[in-house]
Amino acid sequence: MATKIVKSLFKSQPLGILFTPQVRYKATLPSLKFEYHDLEPTISREIMEIHHQKHHNTYVVNYNNTIEKLESAVSKGDTNTIISLEPALRFNGGGHINHTIFWETLSPCSSQRSSDLDKAIIQSFGSFEAFKNNLSAASVAVQGSGWGWLGYNQKNKKLVTISCPNQDPLFATTGLYPLFGIDVWEHAYYLQYKNVRADYVNAIFDVINWEAVSKRYNDAISQ
Ligand code: MN3
C-alpha cells in the first residue's frame with residue numbers, strides 16, 4: 001500500500017563511510033474525496049471525523065513507529081525483537097490498509113457497478129440480493145471487532161464474502177483480494193446506531209462507491 005521501504009535505512013558504503021541514511025516513505029493518512037458530512041444520514045459527520053482523524057490516524061502513527069523499531073532491530077540483527085513486532089505490524093498496518101480501502105469505496109454519489117462486476121456477483125452468489133445478504137450476515141456475525149469483506153479469489157476466479165477479526169488485512173491473511181469492506185468496530189457506528197449493528201450494515205449499502213469497487217475488481221482480475 002502507501003508504505004514501503006525502498007531501501008534499508010542503513011547501507012554499507014566503501015571508503016570508510018559506514019552508514020548512509022536512505023530515503024524512506026512513511027505511511028500517511030489519506031485525505032477523503034468528500035466532506036465529513038457528505039455521507040449523512042447514513043454515516044454522521046461526527047463519526048466520520050473521529051473515525052478518520054483519530055482512529056485511522058492512530059493506526060498510521062503506530063504503524064510508522066513500529067516500522068522504525070523494526071528497522072532498528074533489523075540493523076542490529078535482533079531476531080527476537082523482529083518477531084515480537086509482528087502483532088503491532090499486523091494490527092496497525094492492517095488498520096491503515098483497511099481504512100484506506102474503506103474511504104476509497106464509500107461515496108455520497110451513487111454510481112453503477114461495471115458489467116463485469118455485476119456478472120461476477122451473479123455468477124458467484126446467484127443474485128445481487130443474495131450477495132448483499134451474505135456480506136451483511138458475515139459482517140453482523142463478527143464477534144467483537146472486525147470487518148466483513150467482499151473479496152476476490154484469484155485462484156478460482158470467484159467472489160466471496162468473509163469476515164476478518166480485529167484489523168487483520170484480508171490479502172495478507174487470506175490471499176483474497178479486497179474489493180469492499182464493512183468496518184464493524186463499534187467506533188464505526190455506535191454514536192449513531194448504538195447497539196444495532198445490523199441497521200448500520202444495511203444502511204452502508206446506500207453509500208458504496210461502486211465505481212471504485214468495480215475498479216478494484218478490474219485490478220484484481222488483471223493481476
Ligand atoms: Mn475503523
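This is a predicted model: local features need pLDDT of at least 70, side-chain atom pairs count only at pLDDT 80 or more; totals for chains, interfaces and linings use all residues.
1. One is F131 with F205, an edge-to-face pair at 6.4 Å centre to centre, with 70° between the planes. F131 belongs to helix α5 (residues 128-140) and F205 to the loop between α8 (197-204) and α9 (210-222), so their contact ties together parts that are 74 residues apart in sequence. Both F131 and F205 are buried.

2. Have a look at Y152 and Y217 too, another edge-to-face pair, at 5.6 Å centre to centre and 90° between the planes. Here strand β1 (residues 146-153), which carries Y152, is tied to helix α9, which carries Y217; the two parts are 65 residues apart in sequence. Y152 is buried at a relative accessible area of 4%, and Y217 also counts as buried, at 8%.

3. F131 and F205 turn up again in one aromatic cluster, together with F125, F128 and W210. Charged side chains meet two of these rings: the charged end of R113 sits over the ring of W210, 4.9 Å from its centre, while K132 lies over the face of F205, 5.0 Å from the ring centre.

4. Now for the metal site. The manganese ion has as protein donors H51 (NE2), H99 (NE2), D183 (OD) and H187 (NE2), at 1.9 to 2.1 Å. Their spacing along the sequence reads H-x47-H-x83-D-x3-H. H51 comes from helix α1 (residues 45-76) and H99 from helix α3 (residues 86-104), so this pair ties together parts that are 48 residues apart in sequence. H51 and H99 are both buried.

Note on methods
Residues are numbered from 1 along each chain as its sequence is written. Side-chain values use heavy atoms; hydrogens and water are left out. Donors are N, O and S atoms within 2.8 Å of the metal (3.2 Å for Na, K and Ca); water is not among the atoms, so sites may look incomplete. Helices (H or I, at least four residues) and strands (E, at least two) are DSSP runs, numbered from the N terminus. Buried means under 20% relative accessible area, exposed over 50%, partly exposed in between (1.4 Å probe, protein chains only). Rings of Phe, Tyr and Trp (its six-membered ring) pair if their centres lie within 6.5 Å; planes under 30 degrees apart count as stacked, over 60 as edge-to-face and the rest as tilted. A charge sits over a ring if NZ of Lys or CZ of Arg is within 6 Å of the ring centre and within 35 degrees of the ring normal.
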